[in-house]
Every structure is written in structure tokens, then in C-alpha cells.
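Here is my note on the model, point by point. Please keep the structure open while you read.

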Amino acid sequence: MDIATPQADVEVRGTSQTALKKAILEHLAYSVGKDADHAVARDWAVALSLAARDRVIDRWMQTTREVYRTDAKRVYYLSMEFLIGRLLSDTLSNLGILETAKAALDELGVRYDTIAESEPDAALGNGGLGRLAACFLDSMSNLGIPAYGHGIRYRHGLFRQKIGDGWQLEEAEDWLAQGNPWEFRRPEVHYPIGFGGVVAAAEGDRAVWTPGETVLAAAFDTPVAGWGGHHVNTLRLWSAKPTGGFDLGHFNQGQFLEAAAPEVLAETICRVLYPDDTTPEGQELRLKQEYFFTSASLQDLLRRFVNHHDDLARLPNHAAVQMNDTHPAIAVPELVRLLVDDHGIGFDKALEITRGCLAYTNHTLLPEALERWPRGLVGAILPRHLQLIERIDQGFATVVAKAQPPVDFEAVRILDTGGDAVRMGNHRINGVSALHTDLMQRTVFHDLNTVLPGRIVNQTNGITPRRWMKVCNPGLSKLVAQAIGDGWVGDLERIEALAPFADDAGFRADFRTVKQENKRRLSDRIVALTGQKVDPDAMFDVQIKRLHEYKRQLLNALEAVAHYQAIQQAPDADWQPRVKVIAGKAFPGYEMAKLIIKLINDVAKVVNADPAVRDRFKIVFLPNYNVSLAEVIIPAAELSEQISTAGMEASGTGNMKFALNGALTIGTLDGANVEIAERVGADNIFIFGLTADEVAAARAAGHDPCRYIDASPALAGAIDAIASGAFSPDDPDRFRAITDDLTGHDYFMVTADFHAYAAAQRTVDGAYGDQDDWTQRAVLNTSHAGWFSSDRTIRGYARDIWDVPVGTG
Ligand code: 26Q
């Protein structure tokens, strides 16, 4: 691909080493205001980022002009989360100038790695759903799909996690403190967003809503360059501002706080991601956040449409809106409202247009994560929307009445009268893995699937190979490129060509060398973050993800305790050395998850200090897991822990990143693990435990943890040690909530899967003992992971849901 070669009519700034060096120095002086002698790492990073941004802008404008000219259908991806992480390496790499930029900096006596580390990690999300949105932005650009990502420009992203005495501590992240060189503020693009107030009926279906309170949504744009830099899309994030000017009257009377109040109230809306919603105020704030960014995005897309078209009935031919989970689900009544009240379209037609534009992705079947809003709250904050929801609900009743076989309307209706709540999310729906979609159709959305058969489709998740291989694993990328060329970067399925190299001893040796180098890099990071020294020759076993009981970090910790006890009992046996790395954040209000973090740290402290264990087993909990840390951990991993209770992990995407980077998976048949197993082959993955159907059957029959504990001395020993305070001598009862749950309900089936998991871990140890054989399997994981590219996923959405054409990639 002609990476840095622009289209003929696009003026693009030079990308030679000389040109880049000059651009960096110019930005350092004229944008940052520093000279080379006084610049700190962050100054250099900003100067380089601006130089890189300049090289995106001409193509960005070209893309925009082209999309206007061809009047192409656009995709709007609405998401509460965008976990983009750092942008510098990714942008330089996509432009094909990463190596040149490094060389230019070298000439200036500046180390690229040092300055890259100074970029804050944009953590505008908390997990897979947010990272998926970021991978999708990259893929939509790669495939030349005109697209906007829309979300909230949080002042503080997800909290920064510190570990104090083994406990999670939360601090506000201040990612914007030193400015954000990637974004453009668009003061002229702003929309009023109303809350509360009263609704008066008008002619026809129209109503006049007079909000009690209004804020402005102001746009901030970040260009998103695809691989090769040819197509550049926009991530447009909304920030809240007060509508009026500053209240000088109050201020001059000495009422300073009153004068500042409108600003403070408006800015509250985009202050934090997932405000605690256990109080009514917190709930109200969350609903306001969701409505705020959804309404702004829809007003924006309607303005763009009506500027160039006059027939709103054709909107579905020009705009596809994807709702990332239920968080933007208020889009349904909001688009109807805008069409009916602002554009004078009849209700039925407006609903038809809305249905033609909107689609919804489901990311979880956990009942507590499916949003339901108290009817009173919706009525108070969005009175017009409640009217429209009621009307949509009535219309739906007539559809349901005709369903064959008959369906109970109460089970599917939008208004959940039993709980007096508004239930969101009856639309064109997709699941995120084959198993998850199947479970949706059979369980939570069973009745809906009967009423509207064919509505629920599957689009298995994917990951962008640009960030999750090319940028984060330069060693492996180079090795793969030497073997099969670099076509896989833009088209990952081509990495299949690597499979024959699994049988090539020389290639395997090189592959091992790369992994070893990545393990050394991670070991250095572990020392820097925790002071803990680990042996880079040990097996690196990794579990990194949000802390959640269903993800079963507890199963991992219990097995670690049992393994520790086994080593204690036979200290001279031939143990396979292992470093267990765990990282992840717990929701601030999720006490059980926070206690599990403390358990992991307490166990680690005892195990790591025990002279009998020596270098044969180390447990490391790395603080503040985020995208940037993942980029260091994943290339170094050898064993990927994907051990959720089957049926509970919708897909997983970390599992794909590990496989691509040559780790073998130990996992349950859950989410996309099923599809990974199908593709890498049973010999190259360690599957254990109950299946989703078996979990459901066991729960239905009444799961009895004691049956499993009595049958497994290893499990009983581990639970006893924790319960007796072996890891918490200062507070022996500390983990009571955990051990009581394990011996009582054990909803997540930890005891039921323990034995199979421990046995699988010993199989892993045996397999790792034959390094050559292990490496062969690792190479096959990399080469068979091509299907898990988010490019493939986006092609699926484009074809099955959005109906937009796709470029070659
Ligand atoms: C809901 C209600 C109130 C407050 C917060 C929430 C909430 C917030 C975030 C519920 C869920 C989320 C995030 C979910 C998430 O990240 N899901 C993951 O999505 C990935 C992408 O599809 C999947 O791979 C993972 O399996 C899934 O867990």
C-alpha cells in the first residue's frame, strides 16, 4: 500500500525525516512555546502530536469533501464509552511515519519511547464495550466507511486505580490537565438540550415541550485516521455548557457562587463516566448524560441531512445510527420527537423513519446491566419522551397481539408495568458472539424473537490489528512481515499464510526470541510499577479485564492458593515456574469485586515472600489497568485466562488480542472463546468446565457447592486457608463474604469448575515444558486469529445492518 502517498489533489505536508524534524521544532517553538533546551517530555509529545495531526488534516478535509460530494450514507456510532487510549503511536503508525518520526527525534536527541509515555491514556470508558467502539472507529476508517463516533467528552475519564495495602483506591483521572493536542473545539457547533418542564399539545401529533432547564452541547472533534491514512473519520464528543452568558449581576453583588452556578450545573453532566447511581440524584444525572449526548448527536445528524435534502422520509437511506448497548436507547423517542415536533412529520411516519435508522447492539445478558428507568424519573426529566414511549408501547401491543405462537405482551413491552419502569431496547438487535446471540434468542429476548423473528442477528466482535499487533507488538509484526509480507495489517485474514511457518524450526526460534523480548519488557514494567522482580523465563500467565464475579478472578486466585499449597507440600518437586499477572478495576460501588482485589494482593504477598516457593510461583497484581498497560502486557503473555462462567461473557475481546499475539487460551466455552476454539483448533487451546447449557441446568437443579468442596481436598484446603486467615493474619475474618458465598450460593459456579480448571492448569504446565511444541501452537494461534479482525466485524455490520458499501481495506 502506498502509505504516505496522498491522492493527487490533496496537499499533504512532507513526511521525510527532515520535514518531520522541522515540523516538530516549529510546533515546539510556535505552538508549545518552548525551545529544545527547556522542553520536557510532554512538550515534545505535544509538538510531535501536532506535527502528526497536521499530516492527518488535509486527508480529513478531503474525506469530508468526498463524502459530501457523493452524498454517501453515513454511520453514526453512539456510545457512552470510547476507550481510545493513547493516539500518538497509533496515528503515526497508520500514517506510515512511526519509524521516520523516531529517527527525526533521535536526531534531536530525544527518545521516542519516553515522550510517548507522557501522553495521558484517554480512558473514556471502562471495558470491552468502550474498547470495541475505539476498534470500530479504526476499522470504519480503514474500510472507508463515512462515520462519526459520538459520545461524551468526560472531564475525568474512568478513575485512576491505586493499590494501598492491597486495597483498590480510586482517584480522579485528569487526562485533560495538560491539554489535548488531538482535538478541535467547534464553538459554532452546539445544540440546546432540555430537561424537565412542561408539554403542551399542538396541532396533529405535534407537541410543544418547554423544558425547565436547558444546557448547550458543544462539539469537540478528533480525527481518526485509518490504516494508510487515506480515509479519516471524526470522533465528535460533546461537552456541556450553560446557555446564558456569565451572570455579572450576581457576581457584582458579591454572590460569587450563585454567579458560577449555571456553569457548575452544566459541567456536572460531563464530569465523570458512570457517576454513582445508587442515589436518586445520581440516577437523574446518568439519565441526563445519556439524553445529553444522544440528543446532541441526533440533532447534529438531522441538521446535516436537512442542509442538503428536503425529504426526511429518505433519512434511512442516508444515516445508520448504531446504539452501543442501551445507554443511548433514548434515541428512539428522541428521533421521533425531533421528527414530529420540530419537523412536523406524523407520528407513524416518524416511527417508521426512526426504525429505519436505528439499530442496537446488546453486550450483556446480566439483568442488573440491562437498563430500566423508573417511570417517574423519565416523566420528570423527559416528559415529552414519556408520552412518545407510551404511544410506541401501544402500537407495539397490536403487533404482539398477532404473534404466533402467542406471546405475553407484558414480557416484551417497552413499559414494564409490573416494575413501573421504562424498559429500553426493543429494536433491530445484534449480539456480539455466536453463543451470546443464540442465548439472546433463547432466553432474555425469547419472546421478542417470537414477535419479530429474524430481528436478532449476530456480529461477532473483533479487534483492530493496527493497535493490537502492529503498534503494540513491533517485534512480532516485523517477524510476521518478514515471513509473509505486511498485507495482514490492512487485511488480517491474510495472516493465515503464517500457518506453515509453525512447522519451521527456525521461525519458531525467532518467534520465541520475540516473546522473550516482550516478557523482558513486561518484567521491567512490573518492577517499575510494583517493585516486584519476576523471572522472564517463567511462564507468563495473564488475566486482565474488569473485575467482576462472572469473570471469575476468584477462580484464578483459588487455584493459585491450591497451587501454592501443593508447592509447600512438595517443595522439591519439578514445578513449572509461573508468573501470574492479574490486573483490572472494580466498579467503586462493587464491594465484592474490591474484596477480591484485596484477596489477590494478600495471597500474592504471602506467596511471593515464601522462601520455599522461590522463583517457581509469583503473583503480581498490576495497578491501574488501562489500554496502554494492556499494550505492554498482551505481547508478553503466554497463557490467556478467559475463565468466565459459561453463558455470562457476551464475547470478550481480550481473548482475541491474546490469541493474535501468540498466547494460548485457558478458558471456558463462553462468548467468543467458542469461536476461537473452532478456529485455532482443539489442540491449541485449553478448554475446561461446564458449558452454558450445563450451567443453566445446574442452576435449575439447585447448585450445591459442598458437593464439589467435599470431593476436592485441594479446593477445600484453599477455601479453609482463606477462611482461617492464612493470608490475612491481621484480620482473619476479612474474606468471610467470599468464603461464605463460595460455600453457600456460589452463583458463579466457581466450586463446580474448580477441579476441571486445576486439571487444565496442570495440562498447561506439561505442555509448556515442551517449548518447541508450545511455540508451534502459539504460532498457530497467531495465524488462525485473522477472522477476529474488527474489519471483518465492521463488514458484517455494513452488510447486514447499516446497508453501506465498504472499500477494499
Ligand atoms: C449499566 C447500568 C448502570 C450503570 C452502568 C451500566 C453499564 C456500564 C458499562 C453496564 C455495562 C457496561 C459495560 C459493558 C461491557 O463492557 N460489556 C462487554 O462488551 C464487550 C464488547 O461487546 C464484550 O466483549 C464483553 O463480553 C462484555 O462484557
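How many bridges join E19 to strand E20 (residues 578–583), and do the two run parallel or antiparallel?

1. **The E19 and E20 pair.** 6 bridges join E19 to E20, and the strands run parallel. Strands pair here if DSSP finds at least two bridges between them. Strands (E, at least two residues) and helices (H or I, at least four residues) are DSSP runs, numbered from the N terminus. In E20, Lys-580 is the bridge partner of Asp-541.

2. **Basis of the model.** This is a predicted model: local features need pLDDT of at least 70, side-chain atom pairs count only at pLDDT 80 or more, and totals for chains, interfaces and linings use all residues. Residues are numbered from 1 along each chain as its sequence is written, and side-chain values use heavy atoms, with hydrogens and water left out.

3. **Cover on E19.** Buried means under 20% relative accessible area, exposed over 50%, and partly exposed in between (1.4 Å probe, protein chains only). Met-539, Asp-541 and Gln-543 point one way from the strand. Phe-540, Val-542 and Ile-544 point the other way. Both sets are buried.

4. **Ligand shell.** There are 21 residues around the ligand. A residue is near a molecule if one of its heavy atoms lies within 4 Å of it. Leu-129, His-363, Asn-461, Glu-649 and Gly-652 come nearest. Helix H6 (residues 128–142) gives the most to this shell, with 3 residues. By class, the shell has 7 nonpolar, 8 polar and 6 charged residues. For these classes, Ala, Val, Leu, Ile, Met, Phe, Trp, Tyr, Cys and Pro count as nonpolar, Asp, Glu, Lys and Arg as charged, and the others, Gly among them, as polar.

5. **Ligand oxygens.** An N or O atom in the side chain of Tyr-550 is 3.0 Å from an oxygen atom of the ligand. At Ser-651, a polar backbone atom is 3.0 Å from a ligand oxygen. At Ala-650, the distance from a polar backbone atom to a ligand oxygen is 3.4 Å. The protein covers 90% of the 610 Å² of accessible area that the ligand has on its own. Accessible areas come from the Shrake-Rupley method with a 1.4 Å probe; for residues, only the protein chains shown count as cover.

6. **The nine-strand sheet.** 9 strands form an open sheet with mixed pairing. Their order is E7-E10-E11-E4-E1-E12-E13-E17-E18. Strand E7 (184–195) and strand E18 (456–458) stand at the edges, each with a single partner strand, so one side of each has no neighbour in the sheet. The twist averages 25 degrees from one strand to the next. Axes for such angles are lines fitted to C-alpha atoms, for helices over the stretch in contact, and angles run from 0 to 180 degrees between N-to-C directions.

7. **E13 and E17.** Within that order sit E13 and E17. Strand E13 (residues 358–361) and strand E17 (residues 428–431) run parallel, joined by 3 bridges. Thr-361 has Asn-430 as its bridge partner in E17.

8. **The E5 and E6 hairpin.** Strand E5 (residues 160–164) and strand E6 (residues 167–171) run antiparallel, with 5 bridges. Gly-164 has Trp-167 as its bridge partner in E6. The hairpin has 2 residues between the strands, and Asp-165 takes a positive phi near 55 degrees.

9. **Positive phi in loops.** Most residues other than glycine have a negative phi. Arg-552 has a positive phi near 60 degrees. This residue, Arg-552, lies in the loop between E19 and helix H21 (553–569). Arg-552 is buried, at a relative accessible area of 1%. Asn-624 has a positive phi near 55 degrees. The loop holding Asn-624 runs between strand E21 (617–622) and helix H23 (627–633). Asn-624 is buried, at 15%.

10. **A buried arginine.** Arg-384 is in helix H14 (residues 383–401). Its relative accessible area is 5%, so Arg-384 counts as buried. The side chains of Arg-384 and Asp-341 make a polar contact of 2.8 Å. A polar contact is a pair of N or O atoms within 3.5 Å; within protein, one must be able to donate a hydrogen and the other to accept it, and residues adjacent in sequence count only if both atoms are side-chain atoms.
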